[in-house]
Amino acid sequence: MMTWWMYALASAGFAALTAILAKVGVEGVPSTLATALRTGVVLVFAWSIALARGEGAALDTLSRRTWLFLALSGIATGLSWLAYFRALQLAPASRVAPIDKLSLALTLVLAWALLGEPMSWKLVLGVALMVCGALLTLA
């Protein structure tokens, strides 16, 4: 059975592949069109898995709050992907990806401020070092 950190590590690996594959894929294509094509693939892929697992039945049980926040999350994802694909058209993936990963620091601040998640000095120091590393890639 996979644990949460195994899924998180898989996510990081697939995110790295996303950057490389997208960098090649956006060559000579408008970034918005590239994002739309990618989103269509994600849509079909995710629905196929959800339906194959029999999870479609849960649609009737979702609250309005759940629909609202998943819709807002989808909009944020779309905006993130649009910006990411445009950045990949304008710069090397090796420079875009580290800046994109600054979302880690932003996520932790938002999780603390909006969700009340705890922050330890180790967490703050680790994230500060990651931010410094990301910024060093720009030098």
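A salt bridge is counted here when a side-chain nitrogen of Lys or Arg lies within 4 Å of a carboxyl oxygen of Asp or Glu. The model is predicted, so that local features need pLDDT of at least 70 and side-chain atom pairs count only at pLDDT 80 or more, while totals for chains, interfaces and linings use all residues. Residues are numbered from 1 along each chain as its sequence is written, and side-chain values use heavy atoms, with hydrogens and water left out.

**Salt bridges**

Side chains of opposite charge can pair when their charged atoms come close. Under the rule above, the count comes to two salt bridges. Glu55 pairs with Arg53, with 2.8 Å between the closest N and O atoms, and Lys101 pairs with Asp100, where the corresponding distance is 3.2 Å. For exposure, buried means under 20% relative accessible area, exposed over 50%, and partly exposed in between (1.4 Å probe, protein chains only). Arg53 is exposed at 62%, whereas Glu55 is partly exposed at 38%; in the other pair, Lys101 is partly exposed at 44% and Asp100 is partly exposed at 27%.

**Surface patch**

Met2, Trp4, Trp5, Met6, Tyr7 and Leu9 form a nonpolar patch on the surface, with about 750 Å² of accessible area together. Such a patch is made of residues with over 30% relative accessible area and no salt bridge, nonpolar side chains (Val, Leu, Ile, Met, Phe, Trp, Tyr) being joined within 5 Å and like charges within 9 Å; the areas come from the Shrake-Rupley method with a 1.4 Å probe. Trp5 belongs to helix α1, residues 4–25, and is partly exposed, with a relative accessible area of 47%. Helices (H or I, at least four residues) are DSSP runs numbered from the N terminus.

**Pockets**

A pocket is an open set of points on a 1 Å grid where a 1.4 Å probe fits, with protein on both sides within 12 Å along at least five of seven lines, and its lining residues have an atom within 4 Å of a point.

| Pocket | Volume | Lining residues nearest the centre |
|---|---|---|
| Largest | about 850 Å³ | Ala76, Thr77, Ser80, Ser103, Thr107 |

The lining of the largest pocket takes two or more residues from each of α1, α3 (64–90) and α5 (103–115), and divides into 13 nonpolar, six polar and four charged residues. For the second largest pocket, α1 and α2 (31–52) each supply at least two lining residues, with α2 giving the most, nine residues; by class, this lining has 14 nonpolar, three polar and three charged residues.

Notes: Grid points are joined across faces, edges and corners, and a volume is the space filled by probe spheres set on the points. Ala, Val, Leu, Ile, Met, Phe, Trp, Tyr, Cys and Pro count as nonpolar, Asp, Glu, Lys and Arg as charged, and the others, Gly among them, as polar.
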